[in-house]
Structure formats: C-alpha cells, structure tokens
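Thank you all for coming.

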Amino acid sequence: MTGGALDLRDGRVSSPWRVAVVGGGPAGLMAAEVLATAGVQVTVVERMPTVGRKLQMAGRGGLNLTHSEPIEAFLDRYGVARPWLEAAIGAFGPEDLRAWAHGLGQPTFVGTSGRVFPEALRATALLRAWLARLTAAGVEVRTRHTWLGWDDSGALLLRGPEGITTPLAVDATVLALGGASWPRTGSDGSWVGILDALDVPVVPLGPANCGFVVGWSDVFADRYEGQPLKDVALVHGEARARGDVVITRHGIEGGPVYAIGAALRTTLERGERAVVLVDLFPGATDAEVRDRLARRRRRDTTTTGLRRAGLAPVAIGLLREVTGNQVPREVPELLALLRAVPIEPTRTRPIERAISTAGGVALDAVDHDGMLRSRPGTFVAGEMLDWEAPTGGYLLQAAFSTGVAAARGLLRWLGADSAPR
C-alpha cells in the first residue's frame, strides 16, 4: 500500500489486455481500480445512469465502511462463509480499506460502537474522489448499458440506452452485479436467469438484514409504530443480539433483528414456528430487576406500576400485546416475562425492502480467486456471491475485499505472475 492507494505497479502486465467489469458498485469499482493500476484496459458496464448508487444510499445516515473489532471476531460475522472470505479479507482488510480511503483524501474515524466512517460521513466526497482516480487511470465507464450475457464468440452482449444490443469483446470479465435488495439502485437480481441458463449454481436470493412481519393488533401498531425498544436483547435459538429494536406497523426492525435474522429466517424456511425472546433488562441482574419491581405500590394500576419499575410505554404496550392484556402482577411470573417477552415473526419483509441479499452464486461454483469453474476468465465479486453478514461495516468490507481478490485472481489468470497473491 502506498498512501492508501492500491499499488500494483510491480504487477503491471505488458500486453494490452482488455477487461470488462459488469456492475459499478463498491466491488466492481474496486476491481476496476486494481486492474487499471496494473495496466489493464478496463471498461465498467453499469445499467443505471450513474455508478455507486447503492453506496450513496448506504451513506445517507453515515457511510459505515468497516469495523474496528479484532479480526477473529470480525471474520466470525460471516458465519458459514468465513472460510471462503477469510483469504480475501486477510489480503485486503479493515486497515487496508481505511488506508485506501485516506489515500482518496477521506480519512476515517472509529465511532463509539467500533464502526468506521469517513470523516465526511457521507459517501459523496469519497465517491467523487474515487471516480476521479479511476478516470485518471484510464477506466472507461459505460452507464445505461445492461449486460445480457454472452454471444457465441464469448463477447459480452450489452443493450445500450437506445435499446440496441452490441457485443463487447474482452479477454476476461468481473461480474459484480450485486444482489436484489434496493432494486431502485440497480441491484435487481436479473443476472440470475443468465447464469441459471448456463447451469451456474445459484442459491435462491432472499432478504438479509431485513425486518420481520409480526401480527400486531391494530391498537398496538397504531400506538407504537416507529417507537424503539431501547437497549434490549433478542434471543432466537443460539443467536443473540443486543441494541435498539424498532416497532413497525408490520413487525420489527433494527440492528439486533438483522443480527439474528439469518437464524430466524432459517427457522421460518423450515416451516417451523419462530419465537424471538426479548429481554427488556439485559444489563441488569435478576436481583436488580426485582428491586425495580419493588418500587410498585399496591394500589398502582399495571401501567403505573411498570412505569415506576422503569419500563417505557412501548415496552409496557408490548407486554400487554403478548399477554392479551393479562400482564402478571406477581414478581416471579412478571420477572420471567420481562426476561423473555415472546414475539412470533411469521415471515421476512420483501427483499426489495431489505438492506442486503442472502443467496447468490454458490461458493463452490467459483475457485479460490472467485473465477467461475464452468466459465474460465469470468470472475464474481461482491454481493452476487452466496455470503451474508450483519450491518456494521461487514457488508461493505466484504464487497471491497472480494473486488480486490477477483481482480488479483484475474491478473494471475491473464499471466501477470507478479500480481499480489
């Protein structure tokens, strides 16, 4: 690394290789930078009018690039995909990503939660500097062009803004088309049909980091929609997460919901009853909760007594909702309920409402460089691959890392033997 930039000058190839990167999100643009820096002619193909749309949307509330936690804990966030992603993240990890951003004139800072953000917070300045660097490196960007697959000669078929389909002959390709969440940014999963037709194994796409539907009563939904259950713990099987959970008209949203989402989704996909237990006092011992309950007075109504115990109105409303307005008054029963309020999600919210996508190109369909085993010279990066992670910087980190890995693998495949390994 030199000044935060991806320095592959020692790995430049002497031949005028031409490569297409299909998809102008973080994974695709990072692959384009690695390849262009190595001397390859790069064309980025993007179906939307501009690149980086999902990156900009993700940065509206603060662009969470990565996370500062120890690397072993960091890698565990990827669950069953950890073994496959470990090499990519090890080769271009959180510190590399921070150095890269700094090289774009976008220094970063670590928030109180350990999340890493650019000092400018939003994605706009970073994306502008990045595109200037790519332009200086000779990267061609073709917007409003949709990839339709390959012709019989192996050239990419692109449909342009006038609706005319033309071939693009290249020596290799990086596919980085994203998943199917936030389709208005360009990630609509339409690539699945193209790869299915070529018998490339694709795990069905589904919502990840999404809300779940709960059958609230109209009274509860009307009164508490949009209100947070502050600092609670959610438990589903072995999955546990803590933070703020937002009550929505449809069900529940928020960081802890996303963190246990994969386990909860798996239960629902098996057709089993899914129960999430909510601990309303995760930071207190049972004795401390009993002390809170002792503040109640004999003549208090249920609501008044629970308020004296420190429960917010939305939490009291939840207790009434799940008990049919029969909240126990005796301490043992009430304590047990406060520690494990049962909520029963029935399904996920639609994928277009999700933050990210589960499923994608099966990891055993690509080699360790991300190249499709059934189509040599075609590499896959980013959210197209079958991995998922919670919010908190893990999504973007894996997108950037797999973009770097695919580009470096492609350089090796072209014969750039000095490209980093």
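This is a predicted model: local features need pLDDT of at least 70, side-chain atom pairs count only at pLDDT 80 or more; totals for chains, interfaces and linings use all residues.

Which residue just after α13 takes a positive phi? That residue is glycine 324, whose phi is about 65 degrees. Residues are numbered from 1 along each chain as its sequence is written, and side-chain values use heavy atoms, with hydrogens and water left out.

Helices (H or I, at least four residues) and strands (E, at least two) are DSSP runs, numbered from the N terminus. Helix α13 covers residues 313–323, and its buried residues include Val314, Ile316 and Leu318, where buried means under 20% relative accessible area, with a 1.4 Å probe and protein chains only. Among the elements that cover the buried residues of α13 are α8 (218–224), β13 (228–236) and α14 (331–339).

Let me turn to the open sheet, whose five strands come in the order β6-β2-β1-β10-β20 with parallel pairing; two strands pair if DSSP finds at least two bridges between them. At its edges are β6 (140–142) and β20 (378–380), each of which pairs on one side only. Within the sheet, β1 (residues 18–22) and β10 (residues 172–175) run parallel and are joined by four bridges, and valine 21 stands opposite valine 174 in β10. Helix α15 packs on this sheet and touches β1, β10 and β20, where contact means heavy atoms within 4.5 Å.

Helix α15 (residues 394–414) also packs with helix α4 (residues 82–91), at an angle of about 90 degrees and with their axes 8 Å apart; axes are lines fitted to C-alpha atoms, for helices over the stretch in contact, and angles run from 0 to 180 degrees between N-to-C directions. The two helices, α4 and α15, are therefore roughly perpendicular, a term that applies from 65 to 115 degrees. On the α4 side the contact includes Trp84 and Leu85, and on the α15 side it includes Ser401 and Arg408.

Finally, consider strand β7 (residues 146–150), which is largely enclosed by the rest of the structure because four of its five residues are buried. Strand β7 runs antiparallel to β8 (residues 156–159), and four bridges join them, with tryptophan 147 opposite leucine 158 in β8. Five residues lie between the strands of this hairpin, in which glycine 154 takes a positive phi near 95 degrees.

Conventions: Buried means under 20% relative accessible area, exposed over 50%, partly exposed in between (1.4 Å probe, protein chains only). Angles under 35 degrees count as roughly parallel, over 145 as roughly antiparallel, 65 to 115 as roughly perpendicular and the rest as oblique.
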